[in-house]
Amino acid sequence: MSTRPEPIPEGYGTVTPWIITSDTARVIAFIEAAFDGEELGRVEQPPGKIGHAEVRIGTSIVMLFDTPFKVDTPAMLRLYVEDAQATLDRAVEAGATVVTPLTDVQAWGDRVARLRDPLGNLWWLQERVEAPSPEEAMRRMGEPRYLKAMEQTQVMDAPGLA
């Protein structure tokens, strides 16, 4: 009689995102340089393609593979970090393009920046700086300074977003 394993393998969360790209090796190198990612493994498929790879970023695992699709399918990922400005600077050094500069604190307590990696994936960097109650966050939503910070993250006319 065998025992049933845990429903979620150790190290994984309930949801695991996939990044599907035309150059997975390049995205892995970017994640390692920009976010201190750690490649956990890859399955290479000839000719020079990655059929499956996994990278740990902090406490999360992201899966990746080279696209078999005829159209690009960029991912949109939110990444909580301890220092959003330092992470944004490192990501730019690793080849990212800033889509949204680091905002002031949002109504819900995060500072937010957005960047596009070299293959078009959009990363939301978020740094938790306050922990307002749900009621306080909703109240803040009507204040001009928080509205301005929110508007900054909703601009979609940055390069590659139109």
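Reply: Gladly, and since we will need the word soon, let me start with it: a residue is called buried when its relative accessible area is under 20%, exposed when that value is over 50%, and partly exposed in between. Please keep in mind that this is a predicted model.

Me: OK, so is tryptophan 123 buried or exposed, and why?
Reply: Tryptophan 123 has a relative accessibility of 1%, and because the cut-off for buried is under 20%, it counts as buried.

Me: How many aromatic pairs does the structure hold?
Reply: The structure holds three aromatic pairs, and one of them joins tryptophan 18 and phenylalanine 65 edge-to-face, with 5.3 Å from centre to centre and 75° between the planes. This pair links distant parts of the chain, as tryptophan 18 belongs to strand β1 and phenylalanine 65 to strand β4, 47 residues apart.

Me: And what kind of pair do phenylalanine 35 and tryptophan 123 form?
Reply: Theirs is a tilted pair, 4.7 Å centre to centre with 45° between the planes, and it connects helix α1, where phenylalanine 35 sits, with strand β8, where tryptophan 123 sits, 88 residues apart. Together with Phe30, these two residues form one aromatic cluster.

Me: Switching topic, where is alanine 53?
Reply: Alanine 53 lies in strand β3, which covers residues 49-57, and it counts as buried because its relative accessibility is 0%.

Key. Residues are numbered from 1 along each chain as its sequence is written. This is a predicted model: local features need pLDDT of at least 70, side-chain atom pairs count only at pLDDT 80 or more; totals for chains, interfaces and linings use all residues. Side-chain values use heavy atoms; hydrogens and water are left out. Helices (H or I, at least four residues) and strands (E, at least two) are DSSP runs, numbered from the N terminus. Buried means under 20% relative accessible area, exposed over 50%, partly exposed in between (1.4 Å probe, protein chains only). Rings of Phe, Tyr and Trp (its six-membered ring) pair if their centres lie within 6.5 Å; planes under 30 degrees apart count as stacked, over 60 as edge-to-face and the rest as tilted.
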